[in-house]
Amino acid sequence: MILGLARSWSLAGYAVAALLVLPLFALIFQAFQPDEAVFGHLMATVLPTYIINSLLLIFWVSLGALLLALPCAWLMARCDFVGRRYLQWALLLPLAMPAYIVAYVYTDLLDYAGPVQRGLRSIFGWDSPQDYFFPDIRTLGGAACMLSLVLFPYIYLLARTAFMEQSLSLAHASRIMGCSPWQSFWRLSLPMARPALAVGVALVAMETAADFATVNYFAVPTLTTAVYDTWLGYGNLTAAAKLSAIILLVVFSLIGFERFARRKQQLFQKQSRIQVTDLYRLSMTQTLVALSFCGMLLLLAFLLPFGILLSYAIGYFEQSWDKSFWQLSLNSLSLALITSLLCCLIALLLMFVRRISPRQSDALPSRLASTGYALPGTVLAIGVLVPLTMLDFAINDLADLVGIAGPGLILTGSVIALIFAFCVRFVAIAIGSVESSYKRISPSLDMVSLTMGQTPRQLLRRVHLPLLAKGLFAGALLVFIESMKELPAALLLRPIGFENLATYVFQFASDEKLEHGALAAIVIVLVGLVPLIYLNRSLEHHS
Amino acid sequence: MTSTLKLKQIHSDYQGQQVLKGLSLTLAQGEILALLGPSGCGKTTLLRAVAGLQAISQGEIQINGRIVSGNSQFVPSEQRGIGMIFQDYALFPHLTVAENILFGVARLSGAERQARLDEMLALVKLEGLAQRYPHELSGGQQQRVSIARALAYEPQLLLLDEPFSNIDAQVRYEMMAEIRSILKQRNVSAVFVTHSKDEAFVFADTLAIFNQGIIVQHGSAEALYAAPNSRYVADFLGSGNYLPAAVFDGHSVVTPIGHLTSLTPLNLPSEFSGTVFLRPQQLTLSADEQGVGTITERRFLGAFCHYWVKIEAASHAYYVEVRSQMMQLTIGQKVGVTTEPHSLVLFESSAYSNCGDPI
């Protein structure tokens, strides 16, 4: 829109975007490098199993999450019963639970030494595992259950909105033509909600493909654990990159599917909303069934694990609440704070350029920068390591050449790599937030300012910044929370001796001492609850 | 007469489509010009080109004799001294009325700023609302703030992009008259974009009818209405009837309703045959059993009646719309059709296909 916009604005945007997509391209580049024995060996031996496990896991989690979410979504959107108002937001609570934390809690609860099996043994007088059958939680099926429990809210949220937005007149028509609620669900609501469900399933599948901590803990070998082991075990970057490329293939096909579904979703959305008076009023028995299904789900996915964590945290408070806990929290906090600040600055720059530039191509940097969100933590870590390692070597070579002592691994050996990786992964959130704020600012405000003698810089400071403040804050908050939770990238990229809350929980859980990490886990969950409050507010606004 | 704005043969593309195709226009100092055309004809593109928010590919734009867009020159928006008023008012939601009005006012002392503010508030009759935020004002008040803001900047030229379409129909014309008098009072030149001929008639001194990237006719509202130079202009400014016409002599033509005589000489070749354009109120009806017309439809509209009259002549049937004070005519009745004396409008057209059906 600013016809004479200085090229320097555009150039700055392109430079930042190039930096942020560097890991992705480096990864692809590295994946095509010839590799010594390792990848060939993997391919001949365990790779097929990894791939099959990953795909099976995606399939089971998608199915499980769908089956859990669908009844809840329909009940909340179309029925009226006691407790619905509270349940409709409480069902979002599991989103705050990282899957790995739920997995740790349930393992503690359900394995051989856990209270459940001990209780059964004492009741029935069994002595050894040979005496009875109890499903082993540390399996692919167990991992699928854990992931379904925490990921189903994605589908729930989208399906609920889809059910609510279905036109009132259609619902009336189906009732007048004698459809029972059940028939109306199968013949009308479900087919119309299909695109929204597809989007939800795609999101769940992507989260599943990215999961590292749960499968690693359950010792289920998948592609993500393979990347981790190949790098930390063999130190082979090329093989890790090749494995990562396979994951990318899966993730990008899921994104393609999601985009496709979203396009269709728009066709199905209508203006008129379901009114409260049009809800099905449930009978006593029906209410009981509905309440027990949703309540059970909430109990298993959130209340129980949270309660157990809480009791551990209280029981082991003395041991956990020490100096090192403060250090951990400080590490997590400062890391998240720096990341969210950087992400907001980048998002502001890229979206400002996109907004005021007369060149259509200037939308490219913000799009490119947003691709980072698709990279699972493990994949991203490898992608960051490839260029930064090269840079580190180059810096030291240069130092040698000049004749001064090399600084060592100043990039990969410090938190710089970690912050960079977090920015790549989470800048998309900030960009999305700024973008939606910009959409609410009328373009004529820009034109008015420009015709009244304001330079681009003044436009940004006097008009855009005050109006974007809320969007920037929301974006920063979301980036902050995601950075607190992110585990695999932190595990692979942290400097030696550096721990934050997530890696600390992982460490203790791996050592089967979850009790000691419970306090840190609680902090992560509580921080994760913050965006749900936001989400809930927008939901309330919706209904 | 000095000209505030001069457009010479400008071309402009928007998203790969040529929107302006060699457009020329001149605006005198203090003149209010309405750019009138259907949606999507390039009116807004033209305003944006003048404001420097849209590039032109050819031609030249001058403001007060200075080339602002041209072959190798380009003056950025912020240096053109233009005020712009939008359909959505474009008030800054985070600033008060006072801050909005003073947004573009720089390099003035505190007292001068206050004086300017007071003057503007008085001008748009918003005294006492300086500390309100835009969302606390009605639509009409918001529009007045945007006008005050544009005028406080003391622009050489004011551009208004459909500024009244969001205002309630009941107060719209009153407000247009009010703003017109403010602009006249301060002798501000303005270009006003609209798709409504009624708004253009009320607000502007001159009209420029816009079609497919060029100006098809430019002149006073009365001139354009009475003597449109094309069927496009004629239709755009109001409905009318077309009847085949052949020259009879220097002042009259032969048509299916008989000889029509013009108040002014026709200056047409004697072999001319085309169509004559007649507004509904230029026709008069009389109950006449021997008349050429038959009433086919009647619509009562209070002060007058609209009749559709079928005229049969020379094996063709023509339908004309007549606006008449006579209320008593009924469907099926035979009527005589004559015209009020006026200067006839004739268009070249060889075929009658679009104004008559074979019987």
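Reader: What percentage of the 359 residues in chain B is buried?

Author: In this predicted model, buried residues make up 37% of chain B. A residue is counted there because 20 or more other C-beta atoms lie within 10 Å of its own.

Reader: Which residues of strand β6 of chain B are called buried, and which way do they point?

Author: The strand covers residues 82-85. Ile82(B) and Met84(B) point one way, Gly83(B) and Ile85(B) point the other way, and all are buried. In a regular strand the side chains alternate between the two faces of the sheet.

Reader: Why are β6(B) and β7(B) said to pair?

Author: Pairing requires at least two bridges. β6(B) and strand β7 (residues 157-161) of chain B have four bridges, in the parallel sense, and therefore they count as paired. Within this pair, Met84(B) stands opposite Leu159(B) of β7(B).

Reader: Which domains does the assignment of chain B give, and what separates their centres?

Author: The assignment gives domain 1 (3-234) and domain 2 (239-358). Their centres, taken over C-alpha atoms, are separated by 40 Å. Five residues from domain 1 of chain B and five residues from domain 2 of chain B take part in the contact.

Reader: What makes up the side of domain 1 of chain B that touches domain 2 of chain B, by class?

Author: That side has four nonpolar residues, no polar residues and one charged residue.

Notes
Residues numbered from 1 in each chain as written. Chains lettered and ligands numbered in written order. Predicted model: local features only at pLDDT ≥ 70, side-chain atom pairs only at ≥ 80, totals over all residues. Domains from an automatic or database assignment. Contact = placed C-beta atoms within 7 Å. Nonpolar A, V, L, I, M, F, W, Y, C, P; charged D, E, K, R; others polar. Buried ≥ 20, exposed ≤ 12 C-beta atoms within 10 Å, placed from the backbone. Helix = DSSP H or I, 4+ residues; strand = E, 2+ residues; numbered from the N terminus.
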